[in-house]
Each structure stands twice: as C-alpha cells, then as structure tokens.
Amino acid sequence: MNEGAVITELPWLYAGLGAYALATFLSFKALARDGAAAATLSRTHEPFVLGLSAAGVLLLAVALAERWLRIGHGPFVNLFELLVSQLFSLGLVYTVVYWRLPVLRPTAVVVFPAIWILGVWVLLLDPAGAPYPPTYHNKWLWAHVGFGKFFLAFCLVGSGLAGIILLRGSRLLASLFRHMPADSILDTVAWRFMLLALVFDSLMLVAGAVWAQDAWGRYWAWDALETSAFLNWLLLGASIHARATYRISMRVTSILIVVIFVFAFLTYFGTPFYSEAAHKGVI
Amino acid sequence: MMKRLRQLASLRLTLVGMGLLGVGAALSYDNPVGTPVWVLVVPLALLSVNLFAAILSNPHINRRGGLLLFHVGLLLIVVLAAVGRLTRMEGRIELTEGSAFAVEDLTEVRQGPWHAGALDRVEFVQGPYTVDYTVGMARGPTRSKVMIPAGQGDWERRTVGDDTPLVLEGYRFYTTFNKGFAPILTWLPDHGAPVTGSVHMPPYPLFEHRQANRWTPAGADEIRVWLQIEAGMNPEADWRLDPANTPGVLVVRAAGDRRVELRPGESLRLDGGTLRYERLSSWMGYKLYYDPTLHWLFIASMIAIFGLAAHFWRKFGAVQAYAAAQEAAKNKPSDEMGGRAA
Ligand code: HEM
C-alpha cells in the first residue's frame, strides 16, 4: 500500500526499545545478595528504572501515533503493529504498578525479559501496513482490544511475582530477593492480579462476542481464536478453583500462573496468524 | 437430601466438569467437521447442576454477594445459550435489486425446535449496493441500500453492510461477500404471456472469469447466458464495485451453437419465442440470524462480571489491610511475614 514510503515510526520504536533496554539493564544491576546493599541499590537504581520505562512507554506511544498517521488506521491488524501496541500497553501497566507498588519492583527482572520476547520479535518483522478490514470500524473493537490489554498486562504482573517465587526456589538465587516479602505474600498478591486478569479476560470475551455478532452475524462460533481464548479463560478459572479446593504448593501455583500467561501469549500472537480466520475480508 | 446436594455441589466435581469442558472446547477447536455438540453440552450440563447445587448449599459462595452474583451470572449464561440454540434461526438469502424479501427464498435454513419469531412480518426491498476494494483485492466497506415500510405507503431508506446489519422484528440480516450481477430477462413466448426474471450470476469478483448461468422460463427450453462486464476491477489499485453503474453485455447461445451479444433493450429470436435483455441488475447475499436471547445474554454477562469485580474489590481491601499490618511489623525479618492470606 505504502510501498517506498518512509517508515516514520521506526526511529521512535528503536528509541522506545532502547529505553526499555536500559531499564532492564538497571533492574538487573539493582539486584544484590547483601540485604543492606540491596536497600542502597534499590534507592539509587529504581527511580532510573521507573523513569526509563516511562520514557519507553512515551516513545512507543509516539511510534504508534506516527504509524497511525502514516497508514491511516490503528494498530489492530498485522503482527508488527500488534506487537508495538502490546509493548506500549504492557509497559504502561507495568510502569504504573512499578511506581505505585514499590515492594513489587524486583519483579522487573522477570517482567522486562518477558516483554523483550516481543521487543526482539518486532525487530524481525516487516513494518509494512495491511488493509483495514471493514468490520474493524466497530466501536466494540476498542473495548475488546482495551480489555484484552489489561488482561495480558495483569497476567504479566502475576507472572513476575510467580517468577520470583520460582527463582527463589533455587538456592543460588534465593538471596537476591530476600528483601522482598515472603513467598506466601507474593503468592497471594500474584493471585489477586490473576483474579483481576479474570475480570478483564471476561470483559474481553464479552466485548469480542458483541463485536463478532455485529461483524460476522454470530456471537460465538468456536473459531480458532475464540476457542483458544475460551480455554485460556477456563484454565484461569479452573486454576483459581483448584487453589481454593486443594492445598497446592506455591511452586505449583506459580507454575500455573506462568502457564496461563504463556497460553495467553500464544493466543494473542500465535492463533490469529496461524489460522486464516474470518478476520481478513479478502474478496 | 442436603447430603445429596452437597455431594452434587462438590468442588472436585467442578474441576472434573471444567476439565471435560476444556476437552470439549479443544475438540471443537476451529470447528472440525464431525465433532458432535454433546462434547460441550454434557460438561455444561454437569457444571450447571454442580453450580446450582453449590449456590444452594455452599456458604462460601452463597454468603458472598459478589461471588454469588458472578456464579449466578455464569449459570444464566449457560441456560440462555441453551435457550438460544432452541429458539434461534439461521439462513441465507439472495435478493435481487428491486425485489422484496420473501420467506420462501431463504436457503440453508436451520432453526431450533422452539423457534417462534414473526418472520412473516419482515418486509424490506433490496436496493443497489457498492463495495470498495483496496489494492490486493482486500474488501473495504459494503454499502447496501434497502427500503423498509414506514407506514402510510412511505418507505424508509437505510444503508446496511459489514458490521451494521438490518434488524427487523429481531431478525438480523448481514451482507456477505456473496454478491454479484443479475441480468433481467424477459421471455416472450410465441403463444402465451411474457415472463420476466433475473438470473443470478456467480459471486463477483470471486468468480470473475465464470460469469455464466442458465435460465429456464416456464414452458420454455433452458437458455444459456454469459455476462461480459466492465466493472473496473483492478487488483493493483483501489476500485469500487458498483453494479448499478456497470455496463454489461449478455452473450446468449442461439441455434447452431451461435453466440449472440445483446445490449440492454436488445432481443434475440430463439426456438419458441423471443428473449429480451432488459438491463443489468445485481443481487446481494444476506446471512440471516435470529436469537431472542442476545440482549439477555449480554445482561447476564454484565451481571457476572460486575459480581466478579465486586468480589475482587472486597478481596483487594483485605490485601490492603494485610499490607498495612505488614508495614506495621516492618522491622521483623521477612521470613516471619508468612501466613497465606485467603
Ligand atoms: C460450574 C461450577 C462452579 C461451581 C460449583 C463453583 C463454585 C465456587 C465456590 C464454592 C467458590 C468459593 C470457593 C472458596 O472460596 O472456598 C467459588 C469461587 C470462585 N469461582 Fe467458582 N464455581 C463454578 C464455576 C466457576 C467458573 C466457570 C469460574 C470462572 C471461569 C469460576 C470462578 C470462580 C472465582 C474467580 C472464584 C473466587 C475465588 C477466590 O476468590 O479466590 N467458578 N466457585
């Protein structure tokens, strides 16, 4: 469509990723085995991590806006723009969590590397635009995508906490996180985030169903993406139940959180591109 | 009685039901042909009974307002989805420009045994349509004009298409990519009254190279026709499919395998009568969907989510209180902070 056009969003994308890279680097540097040193390091490094990740979010917002102006539609169609948009929204939600809940800050060493999966992936993709399907002008698209972003972001925060519990399971790494609250508290907070994720997951499914009814004349049809998203919702609900029904070790429940996040990740960035769903609208 | 209810309400059964539902959903992934609906219905029925029993008998759920609302909402969704399947109707219809919706023209009709809508009260007339295409033949907006009776002989014009269905008496009509050209023909038999009809050519531009069909007017032999159109189709540029402004030449097979070209208004003498090509028109394929539970389903989901959010809020308050207590005991070593909060 825009062949030969200058990809104006790329410098902003690189700058945003650069800011995230520095934030990642500093959050690892802030780890220390010694308790007193940890307190000093967190005091000196954490404000920089916060500032850099906020800067990254702003730069990615500019990248998204530039792209929007260039190709004439929002970041909803191809994998490249979906990844940039998630890099922005995951970063945004995590930056707010990092800012408001200082006790959770060491989760950055789990969360940022997870974000980097998207960061590296996006660099390998072609930034060309794709046609905007006519059914994407629907206002429910915004609700669906917006709720979905919060769902994934809260799963990511939950995974950050679960990741710390799992890392602390290794004797080698345990001392790095000793200034954080006990596992039982991390576990409780992690599952609070997962409960919040379930609220937004449910909202995403409902908004998606309303949109599907408008766009394709049915609210639910077990297409690949719907089924995958439903299984993800069910796994989350079942895990919450299993935890309430049985005494399950925190290690296992932490693994469950990571599995739910990975499942969500594959649903988002795998299914729509593996399956030639009705979303495309050619002919 | 109560003991039986508690057994039915077992949370272990919930997990079994969820597992079975997961298997059912996985089997339904991408709708493989041959997966029976039972793989979903059986676990859903089991979960509904289990949940109903739990709501009646388990204080963990029925004494906590938000959680109760959430689970009641879930139960309602399952019940409504089931009622929806029993009362729904689906079908397809191709409407020629200028013609009115007629129930008899519906095809691929599937309806639940309890379907009882007022389809016979649905009235509208198909008008012209346009469809925009962008480079690479990606379909852009479809604008299909329809007219619906507005009382006292007046007509209301509406434009429908893509994510804007025409909704009449609860029946929802969606435009589809299935649409094309329709030459209007009149057969003037040597003896008897003339008949006018339309021939729906194969979907355009999907079958751009196969614009052919047959027409058999009552009492006459089959007539084979082809269409040569200048629709401006161009895979390398943006273009608009606009049948109302598309010139089209009709090619008819006459005696001796001769092919004769007809322009609008021209006639051709055939065995037993004369064929007149009146004009080029169009047809639009609609998908019909009716489900009286749609709005209720939405309300039930909102109730459920509201309940879940309220439950979260209450629990979140508990975490904050817990965190405040931790803050107070800050000087103690972290390992003593333990105790798993519910
Ligand atoms: C269908 C049968 C179901 C039954 C019988 C059932 C029953 C229950 C009960 C008794 C509780 C309270 C547990 C406790 O705190 O001891 C509960 C909690 C909960 N259930 Fe269900 N439930 C069912 C389905 C579902 C489904 C399908 C979901 C979501 C996917 C779900 C999500 C939840 C959530 C989020 C909680 C709150 C847990 C917490 O606060 O930690 N339930 N359920």
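The model is predicted, so local features need pLDDT of at least 70 and side-chain atom pairs count only at pLDDT 80 or more, while totals for chains, interfaces and linings use all residues. Residues are numbered from 1 along each chain as its sequence is written, chains are lettered from A and ligands numbered from 1 in the order in which they are written, and side-chain values use heavy atoms, with hydrogens and water left out.

**First stop: the ligand**

Select the ligand, which lies between chains A and B. Around the ligand are 24 residues, a residue being near if one of its heavy atoms lies within 4 Å. Those that come nearest are A:H241, B:R64, B:H71, B:H311 and B:K315.

Next, display the side chains of B:R64, B:H71 and B:H311. An N or O atom in the side chain of B:R64 is 3.1 Å from an oxygen atom of the ligand. For B:H71, a polar side-chain atom lies 2.8 Å from a ligand nitrogen atom. For B:H311, a polar side-chain atom lies 2.5 Å from a ligand oxygen atom.

Now colour the elements that give two or more residues to this shell: in chain A, α7 (183–216) and α8 (224–245); in chain B, α2 (11–28), α3 (38–57), α4 (59–62), α5 (65–87) and α6 (294–328). Helices are DSSP runs (H or I, at least four residues), numbered from the N terminus. The shell has 14 nonpolar, eight polar and two charged residues; Ala, Val, Leu, Ile, Met, Phe, Trp, Tyr, Cys and Pro count as nonpolar, Asp, Glu, Lys and Arg as charged, and the others, Gly among them, as polar.

**Second stop: the domains of chain A**

Select residues 1–132 of chain A as domain 1 and 135–283 as domain 2; these bounds come from an automatic or database domain assignment. Taken over C-alpha atoms, their centres are separated by 20 Å. Each domain of chain A brings 33 residues to the contact (heavy atoms within 4.5 Å).

How many salt bridges are counted between domain 1 of chain A and domain 2 of chain A? The count is zero, a salt bridge being a side-chain nitrogen of Lys or Arg within 4 Å of a carboxyl oxygen of Asp or Glu.

**Last stop: the domain 1 side**

On the side of domain 1 of chain A that touches domain 2 of chain A, α2 (35–71), α3 (79–100) and α4 (108–123) of chain A each supply at least two residues. The largest share, 10 residues, comes from α3(A). By class, this side of domain 1 has 26 nonpolar, six polar and one charged residues.

Note on methods. A polar contact is a pair of N or O atoms within 3.5 Å; within protein, one must be able to donate a hydrogen and the other to accept it, and residues adjacent in sequence count only if both atoms are side-chain atoms.
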